[in-house]
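Have the picture open and follow along.

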Amino acid sequence: MEKTIFERMGGTYSKVGDYNLPNLIPPQEAKLIGLWGQRHAKYLEQCHKVLYMNLLTGGKLNDYLADIDKRADKMFSRLVTEYSDRQGVTEQLKTENQFLWFQKMNNILACVREIVENEIIYS
């Protein structure tokens, strides 16, 4: 009997009664997915359903989301550092004027969050 597309992509089936049902449970060694990966998964599920289902049924969704999460986290950290250096947000400012430091850091975090979402998460 010829293999299905799902089987050719590495998928397996379990026989339940008279039916062969696909095994869609991720493997136990699955990578943990952080906030950025979860946001991207929700975006794919809502806006790109075909891509989401292809990744899910192909068993590649978890690795894909873990990669997105890692890339987004690196970009977020790098941009926060760059923006805080450019705007003079230092530990010295934190000790001298905590409210100003807090205000500037919240502004930087909001700006960087928006950039990461537009560049990686929602694209």
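## Charged pairs and nonpolar cores

Let's start in helix H4, where glutamate 82 and arginine 86 both sit, four residues apart, or about one turn of the helix. Helices here are DSSP runs (H or I, at least four residues), numbered from the N terminus. A quick word on what you're looking at: this is a predicted model, where local features need pLDDT of at least 70 and side-chain atom pairs count only at pLDDT 80 or more, while totals for chains, interfaces and linings use all residues. Residues are numbered from 1 along each chain as its sequence is written, and side-chain values use heavy atoms, with hydrogens and water left out.

Back to the charges. Glutamate 82 makes a salt bridge with arginine 86, meaning a side-chain nitrogen of Lys or Arg lies within 4 Å of a carboxyl oxygen of Asp or Glu. Glutamate 82 also pairs with arginine 78, and those two are again four residues apart in H4. Together, Arg78, Glu82 and Arg86 form a salt-bridge network.

How many salt bridges does the structure hold? There are three, and here they are:

| Salt bridge | N to O distance |
|---|---|
| Glu117 and Arg39 | 2.5 Å |
| Glu82 and Arg78 | 3.4 Å |
| Glu82 and Arg86 | 4.0 Å |

What about Glu117 and Arg39? Glutamate 117 is in helix H6 and arginine 39 in helix H2 (residues 35-47), so this pair ties together parts that are 78 residues apart in sequence.

Are these side chains buried or exposed? Buried means under 20% relative accessible area, exposed means over 50%, and partly exposed is in between (1.4 Å probe, protein chains only). Glutamate 117 is buried, at 17%, while arginine 39 is partly exposed at 25%. Glutamate 82 is partly exposed at 30%, as is arginine 78 at 44%. Arginine 86 is exposed, at 66%.

Now for the greasy side. A nonpolar core is a set of buried Ala, Val, Leu, Ile, Met, Phe, Trp, Tyr and Cys residues joined through side-chain atoms within 4.5 Å. The largest one has 16 residues, and Val112 and Val116 have the most contacts inside it. Helices H4 (61-86) and H6 (98-121) are the elements that give it two or more residues. H6 provides the largest share, seven residues. Apart from this core lies another of seven residues, including Ala41, Leu44, Tyr52 and Leu61.

Which residues does valine 112 touch, not counting those up to four places away in sequence? They are Phe76, Leu79, Val80 and Tyr83, where contact means heavy atoms within 4.5 Å.
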